[in-house]
Amino acid sequence: MSAHLPAHTSSTGGSPAPRRVRVHHLAEAKARGEKLTMLTAYDAVTARIFDGAGIDMLLVGDSIGNTMHGHATTLPVTVDDMIPAARGVARATRRALVVVDLPFGSYEAGPEQALATGVRILKETGAHAVKIEGGKRVAAQIRALTDAGIPVVGHLGFTPQSENLLGGPRVQGRGDDAAEVLSEDAVAVAEAGAVALVLEMVPVEVAARVTEILRIPTIGIGAGVQCDGQVLVWTDLAGMTEWSPRFAKRFAEIGTALGQAVADYAAEVRDGSFPDDDHSFAQ
Ligand code: KIV
């Protein structure tokens with residue numbers, strides 16, 4: 001009988017460090033039918049909160065381009081953008097497995113380029129794994145990274161780095177042929193050594209089939225409940241944006257609450273009620 005995922009505590013301070021989620025826990029969780037949780041994080045402040053809440057894997061996604069850097073796509077994101085973000089996330093977590101996206105242009109040229117990028121990211125950030133978009137076309141990169149001791153998470157379905165080729169954010173794997181190609185890519189990614197596979201915007205039935213044929217866990221985003229786990233972009237989950245994609249449930253409206261707090265602060269500064277005696281020092 002395999003061990004359960006390491007326990008998490010709700011507190012982030014004072015208590016002894018929880019055990020780290022490791023790659024072997026992922027397949028073990030799948031074998032037991034225990035769902036895995038993944039969430040994006042781009043800095044230490046939010047990573048500490050998400051880790052304390054018990055998220056199993058934190059993804060320093062190249063969605064940092066859209067969510068934090070104001071780009072329209074993930075394409076402009078560089079390795080130099082990813083490294084400080086990943087450092088902050090890795091330093092702030094005690095339990096979560098930290099996965100970092102290899103950004104567009106940092107691995108496609110071949111296994112050597114992927115290896116150089118993966119080594120740099122792990123060496124300079126303290127993260128534990130990397131994520132690569134693509135199927136058969138990046139199997140050699142996944143193999144090279146894995147052989148060098150760097151765990152890889154795959155990513156199939158809608159792969160945002162290829163959005164120009166795919167015609168924007170669209171459901172992938174619809175129709176028998178497309179579903180077959182996606183399944184073959186999933187098998188290639190797993191056989192190359194990936195430890196988990198993100199499935200983005202894939203029909204429920206196709207994701208369920210891929211989940212059934214793989215021993216590594218599938219982590220869905222817009223891919224239905226039968227995946228072995230789920231991932232969301234935290235700004236969608238928390239309602240930080242005006243608009244969220246259909247598959248991204250808004251579990252809170254933190255953006256509205258934050259806007260109200262900032263407006264209250266500005267009003268109190270303007271009318272002289274802040275800072276009051278409680279927030280000032282006497283001589
Ligand atoms: O960059 C990212 O946030 C991602 C998720 C959408 C899985 O790749």
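Mentor: Two strands pair if DSSP finds at least two bridges between them, and the strands themselves are DSSP runs (E, at least two residues; helices are H or I, at least four), numbered from the N terminus. This is a predicted model, where local features need pLDDT of at least 70, side-chain atom pairs count only at pLDDT 80 or more, and totals for chains, interfaces and linings use all residues. Residues count from 1 along each chain as its sequence is written, and side-chain values use heavy atoms, leaving out hydrogens and water.

Trainee: Okay, which residue is the bridge partner of M38 in β2?

Mentor: That's M57. Strand β1 (residues 36-40) runs parallel to β2, and three bridges join them.

Trainee: In what order do the eight strands close into a barrel?

Mentor: Follow β1-β2-β3-β4-β5-β6-β7-β8, with parallel pairing. On average, neighbouring strands of this sheet are turned by 25 degrees against each other, direction ignored. For angles, axes are lines fitted to C-alpha atoms (for helices, over the stretch in contact), and values run from 0 to 180 degrees between N-to-C directions.

Trainee: And the faces of strand β2: which residues sit on each side?

Mentor: Check accessibility: buried is under 20% relative accessible area, exposed over 50%, partly exposed in between (1.4 Å probe, protein chains only). In β2 (residues 57-60), M57 and L59 take one side, L58 and V60 the other, and all of them are buried, so both faces are covered. For contrast, look at L258 in helix α11 (residues 254-271): its relative accessibility is 47%, so L258 counts as partly exposed.
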